[in-house]
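Please examine the sequence and the structure shown here.

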Amino acid sequence: MFMRISLYILGFASLITGFIGVFIPLLPTTPFLILAAWCFVRSSPWMHSWLYNQSIFSKSLRDWDERGVIRPRNKTIAILLILSSSAIVWFKIDYLIIKVPLLILFMIVILFLLSRPNG
């Protein structure tokens, strides 16, 4: 029972974080939605069903689950937002100890996005 409640809370927190990530470029959306789906399938069949049947994120989640693909439009938007964030980091952060790891992380995420097949 404790594990089910914990997974439900983590799933709900991930869902909220993923939704916020739609509006904040540095915060990813999809990984949090995938985590929410994983948590809900183990804790709340109703929330899992709702997540996969609502109109905002369901297509992307189904594409990822069924074929491991990301739609080209979503890839393009994600990469443009990451590049925008990279420019902000490059020009606004003065400390290399912060700047370099962030830029490396951004490059890894872009490479991952490009490595996924198109949906």
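**Helix crossing and overall build**

H2 passes H3 in a left-handed crossing, meaning that the near helix is turned anticlockwise from the far one by less than a right angle. This is a predicted model, in which local features need pLDDT of at least 70, side-chain atom pairs count only at pLDDT 80 or more, and totals for chains, interfaces and linings use all residues. Residues are numbered from 1 along each chain as its sequence is written, and side-chain values use heavy atoms, with hydrogens and water left out.

Q: Which residues of H3 make the contact with H2?
A: Contact means heavy atoms within 4.5 Å. On the H2 side, Leu 33, Ala 36, Ala 37, Phe 40, Val 41 and Ser 43 take part. Their partners on H3 are Pro 45, Met 47, His 48, Leu 51 and Tyr 52.

Q: At roughly what angle do the axes of H2 and H3 cross?
A: The axes are lines fitted to C-alpha atoms over the stretch in contact, and angles run from 0 to 180 degrees between N-to-C directions. The axes of H2 (residues 30-43) and H3 (residues 45-53) come within 6 Å and cross at roughly 145°.

Q: How many helices does the protein chain have?
A: Helices (H or I, at least four residues) and strands (E, at least two) are DSSP runs, numbered from the N terminus. From that end, the elements run α-α-α-α-α-α. The chain has zero strands, and its helices come to six.

Q: What percentage of the residues in the protein chain is buried?
A: A residue is buried if its relative accessible area is under 20% (1.4 Å probe, protein chains only). Of the 119 residues in the protein chain, the buried ones make up 30%.

How values were computed: Buried means under 20% relative accessible area, exposed over 50%, partly exposed in between (1.4 Å probe, protein chains only).
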